[in-house]
Amino acid sequence: MLLPYVVIDSLTPEQARMWHDHFSSEDGRDPAVEEGIWRRTQDPRNAEQSGWAQDESGRRRIVHYRLHYGIDRSRPTDRLVLTELYLFVSWLAPSVEIASHRGDLEQWLAEGRWKPTGEGGTRRRGDLYVTIAEHAVHPQDERADRDTPEGFRSLDVVIQSVDYALPRASRNVPWDVLAGGMRIKVERGAPEYADDLSGLLDHLPFVLEAGCGTSVEAGVPPLHWLHEVYRVTARQGDKPTQGFSFTMAPAQDILVREVLTDTEHKIDDMVSMFRRLVEAQPTAAHRILKALYDGGHAVGPVATHNFDRLFARAGLPEAFMRRYDQGTPSMEYPPQARSLLVVGLHADRRHVQQRARERGLRVFYLDTEGVKEHGVHKEYLIEGARAGDVIVRSEAIPALRRLAELLGIDC
């Protein structure tokens, strides 16, 4: 496995300009870095998905990845490439399972032809290193004064590009997220349902908060698709288990096996999200929202956790909110704002929506309240909706087009 790894072999001139304009470092954030964190623990409150039971609890799985992208200009046409890779998987499980998993890892390393480096058990394959560390008590648990269940051990696997140096603060982020506790579902209120966004006309201008709905319409996979790539959900054959239970036993963890034994194929799987978002174009939804901003019907930056920059590429001000170092990201509510329009976001920023209500803003949701996984529609109700909120069950493009018509805007 050699780096840089080609993600798109030949960028069009338009794509190259887009990259220069929208994926350069800004305000301490580097849009050319894709990062994700999942931490799964057993708790009575997630017993159905985690397998928690009174006599068996304490399992934990943490996944943290960072993928760095850049432009290779050594060829006649620019290429999008993966320049650096970091993948961290940590297990806390019964000692007998950790010992068995350690044996599996040795088998996978041999199968994938990873060669010893002579440096503390590190193995190398091309431009990638893998290190394995086992702990009776994990150093991060000592740091947080967290108990280790009796008879349990920890095992960390780090796969990273040669000479990659992740700052300590960044290495600590998943553990800081863990210390913040699991996200507890709240009891849904009694929102109103409407056929369209005509009710928004009495509450203009609005502030926009956008999730992955508009990106999905542009051809970008939904964020929950990454759960498949990083095997966050346990599987039966090639499909998630019924009930979408968590991967909570080392023997079920095929992510590391895939990276070690079929490296190039799995890396291509990991970069496919970024490939798709670079190839994507702003849709009619983005263009209509730009027209609404231009007409003074919307104010403030678009708050989004999407990393595809589609709103910025459509000429809209964008505020990135996918942060792991703060529980509730800051959200700008200009004084003239009278409502918050939430497009395709689901429950992720419910505290942001609560802040809007506290400031007297009416909250409108534009959301299908469902996701499709493996061709099956799965209901996904907006958890944070409350009495007084309005939900329009629709995809973004037709509902926003109708809103533009009501406002007399030709889009």
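How many residues does helix α9 have, and how far does α9 reach from its first C-alpha to its last? Select residues 263-279 to find out: α9 has 17 residues and reaches 24 Å, close to the 24 Å expected at 1.5 Å a residue. (The expected span is 1.5 Å times one less than the number of residues in the helix; helices are DSSP runs of H or I with at least four residues, strands are runs of E with at least two, and both are numbered from the N terminus.)

Before going on, a word about the model. It is predicted, so local features need pLDDT of at least 70 and side-chain atom pairs count only at pLDDT 80 or more, while totals for chains, interfaces and linings use all residues. Residues are numbered from 1 along each chain as its sequence is written, and side-chain values use heavy atoms, with hydrogens and water left out.

**Stop 1: colour by confidence.** pLDDT is the predictor's confidence in each residue, from 0 to 100. Its mean over the protein is 89, and 91% of the residues reach 70 or more. Strand β1 (residues 5-8) has the highest confidence, at 98, and strand β12 (residues 239-240) the lowest, at a mean of 53. Where pLDDT is low, the predicted coordinates should not be read in detail.

**Stop 2: back to α9.** Click on Val-271, where α9 bends by about 45 degrees. (The bend is the angle between axes fitted to the seven residues ending there and the seven starting there.) Buried residues of α9 include Ile-267, Met-270, Val-271 and Phe-274. (Buried means under 20% relative accessible area, exposed over 50%, and partly exposed in between, with a 1.4 Å probe and protein chains only.)

**Stop 3: helix α3.** Now select residues 95-111, which form α3. Show the side chains of Ile-98, His-101, Leu-105, Trp-108 and Leu-109, the buried residues of α3. Seen down the axis of α3, they fall within an arc of 95 degrees, so they line one face of the helix. (The arc is that of the directions from the helix axis to the C-beta atoms.) Turned away from that buried side are the exposed Val-96, Gln-107 and Ala-110.

Stop 4: Which residue with a positive phi follows α3? That is Arg-113, in the loop between α3 and β5 (115-116). Arg-113 counts as exposed, at 52% relative accessibility.

Asp-163, in the loop between β8 and α5 (168-179), has a phi near 65 degrees, a positive value in a residue other than glycine.

**Last stop: a cis bond.** Select Leu-3 and Pro-4, joined by a cis peptide bond with omega about 0 degrees.
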